[in-house]
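Keep the model open as you read.

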Amino acid sequence: MIEQPFGSVIEGSLSQGLEVRLYPDVSVEQMRVGKFLVVQGIKSRFFCLLIDVSLGTTNSRILSNPPSFEDSFMRDVLAGSGTYGKIELVPMLMFTPIEEEAQVNPKKKNKNSSLGSFEANTNNDIELLPVKTIPAHFSQVYEALEEDFRCVFGWEEDPIRRNFSIGKPLDMEVPICVDLDRFVERSNGVFGKSGTGKSFLTRLLISGIIKKRAAVNLMFDMHSEYGWEAMQEGKQVSTVKGLRQLFSGEVEIYTLDVESTKRRGVRGAQELYLSFEQIEIEDIRLVGYELGISEASLDNAEILQKEYGKSWIINLLNMTNEDIKIFCQEKQGHPGSIMSLQRKLMRLEKLKYLRNVCPHNYILQILQSLNAGKHVVVEFGSQSNILSYMLATNMITRRIHANYVKQSEKFIQSKNPTDRPRQLVITIEEAHRFLDSKIVHQTIFGTIAREMRKYFVTLLVVDQRPSEIDNEVMSQVGTRITCLLNDEKDIEAIFTGVSGGQHLRSVLSKLDSKQQALILGHAIPMPVVVRTRSYDQQFYSEIREANWSEKSDEEVLMAAEVAKADLGF
């Protein structure tokens, strides 16, 4: 079938984009923000994103005396001659014949462009390049075809790359793929206001990482939504499967609230306890705001730690006022600050997972699971308040990161592939609590975000208030997957450090409240709006089919044994 053009380019610039006048037979209502169109230039084909739709007239007198809506004849007469539709496009990529490039630069054919791995495509004679120019006047504008999308975004069955389909364009049935190898290289973010499906989108991404074996995952599951089945949003009687149910034998669940986990019917979960001896001053500093602890009290905590070592909190909680006064006289502490610190730390005694001493090192057990290629979900159950979540998450992450640093240093020295740590992705919710500009330089999460992939550890942050995340950290977020946001500060934060972000603001503000997202960044060749993949029975079947086909016989038998145990056999 011959392509029919929608319109032609009438104005534009490289910095401001292209203005296109629609042909009379093309309804302006066919054009929606976020749609992809292709402009055929003289030598190149430009893959473009539609960012605005408007109406135009050739004579202002038409507006002062418009025809009545019932006068269809006059409206038809004016259409195209006196009135017309306009759209604004932003060129994102250029499809350029390799022969043309080779004539200009013979070495170009064998070199990678700035697009890195995205240069390869379905057509051997076509190369993808960043946009450095614009098409000429009156260049024709067409709808993007399936082969255009595959050339840009690849396909999930690609034997070379770990591509994972995250959704489809708003008006087409072709998959949009994320390159998971590039995705796990850097810290990433899933953003959107409450109720837009961030958790479902996060579950999709983690499922893809597990399916494609791009990394191991450590998920701090604040609301018990990832490991086992959870309620489906908007449907009180319906549930969706958790990761352990989809990937039996590959996902382990640890719980900080054993009773809550049992009530939910979770099978195979392992208990997880932490001790007061494992809490360090850096952990207390992170939750200082929630506990109401002053800097003066933290300074005195240093004196206590110097005196009592790891058991400084236990000794403090057991002190009487008289003990504190004597201690301060001997060690030059401040009685008022230490008494205040004692009162605030008493709140920690209410946390179910804290013990004075733990005979078993549960954090080491989690680390061993990760090193064995298992994916770990830490459930909080009733212990999901901000204080509890931040304390446990920071304690566990700090120790696992320290171990990864040691493993990485060993690998750098030995250069032995067997010493290479497995790439680790740590998922945290309410991320702005850990990455606020006031505390980000004191937390392990700020360190991980700034290190990028230096020690094979990256973050997947899930948050509804990206504006409260430190700007430096946001600039390091490699791939941003954003559902609907209404707050102007949050929208502005999404485009921190993004070239051409002003063109995408209108696209983000026009998203539907459900199952739509704007994806941009390191793991995708250009910004794209998608109708996200459904997390439903069809997805379960596709994931399981692929997952079983990739397993060895030994892994299949192991997973079967775990499934039998889960079912009580």
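Glutamine 515 sits in the loop that links helix H21 (501-509) to strand S22 (516-521). Helices here are DSSP runs of H or I with at least four residues, strands are runs of E with at least two, and both are numbered from the N terminus. The phi of glutamine 515 is near 55 degrees, a positive value in a residue other than glycine. Glutamine 515 is partly exposed, because its relative accessible area is 35%. The cut-offs are these: buried is under 20% relative accessible area, exposed is over 50%, and partly exposed lies in between, with a 1.4 Å probe and protein chains only.

This is a predicted model, in which local features need pLDDT of at least 70 and side-chain atom pairs count only at pLDDT 80 or more, while totals for chains, interfaces and linings use all residues. Residues are numbered from 1 along each chain as its sequence is written, and side-chain values use heavy atoms, without hydrogens and water.

Another glutamine also has a positive phi. Glutamine 332 has a phi of about 65 degrees, although it is not a glycine. Its loop runs between helix H13 (321-331) and helix H14 (335-345). Glutamine 332 counts as exposed, since its relative accessible area is 72%. A glycine comes next. Within helix H4 (residues 146-153), Asp148, Phe149, Cys151, Val152 and Phe153 are buried.

Now take the chain as a whole. It has 23 helices and 23 strands. Of its 569 residues, 52% count as buried. The accessible surface comes to about 26400 Å², and 49% of that belongs to carbon and sulfur atoms. Such areas come from the Shrake-Rupley method with a 1.4 Å probe; for residues, only the protein chains shown count as cover. Contact means heavy atoms within 4.5 Å. Among contacts between residues at least 6 apart in sequence, 72% join residues at least 24 apart.

Asparagine 217 gives a local example. Its place is in strand S11 (residues 216-221). Asparagine 217 is buried, because its relative accessibility is 0%. Lysine 374 is 157 residues away from asparagine 217 in sequence, yet the two are 7.9 Å apart in space, C-alpha to C-alpha. Leaving out residues up to four places away in sequence, asparagine 217 touches Ile206, Ile209, Ile210, Leu370, His375, Val376, Leu424 and Val425.

What of the core? A nonpolar core is a set of buried Ala, Val, Leu, Ile, Met, Phe, Trp, Tyr and Cys residues joined through side-chain atoms within 4.5 Å. The largest holds 152 residues, and Phe47, Phe183, Leu218, Trp312, Leu345, Leu348 and Ile400 touch the most other members. Helix H16 (residues 386-414) gives the most to this core, with 11 residues. Apart from this core lies another, of 17 residues, among them Val9, Met31, Cys48 and Val141.

H16 also packs on helix H18 (residues 444-451), at an angle of about 45 degrees and with the axes 9 Å apart. H16 is therefore oblique to H18. On the H16 side, the contact uses Thr393, Asn394, Thr397, Arg398 and His401; on the H18 side, Ile444, Phe445, Thr447, Ile448 and Glu451. Angles run from 0 to 180 degrees between N-to-C directions, and axes are lines fitted to C-alpha atoms, for helices over the stretch in contact. Under 35 degrees is roughly parallel, over 145 roughly antiparallel, 65 to 115 roughly perpendicular, and the rest oblique.
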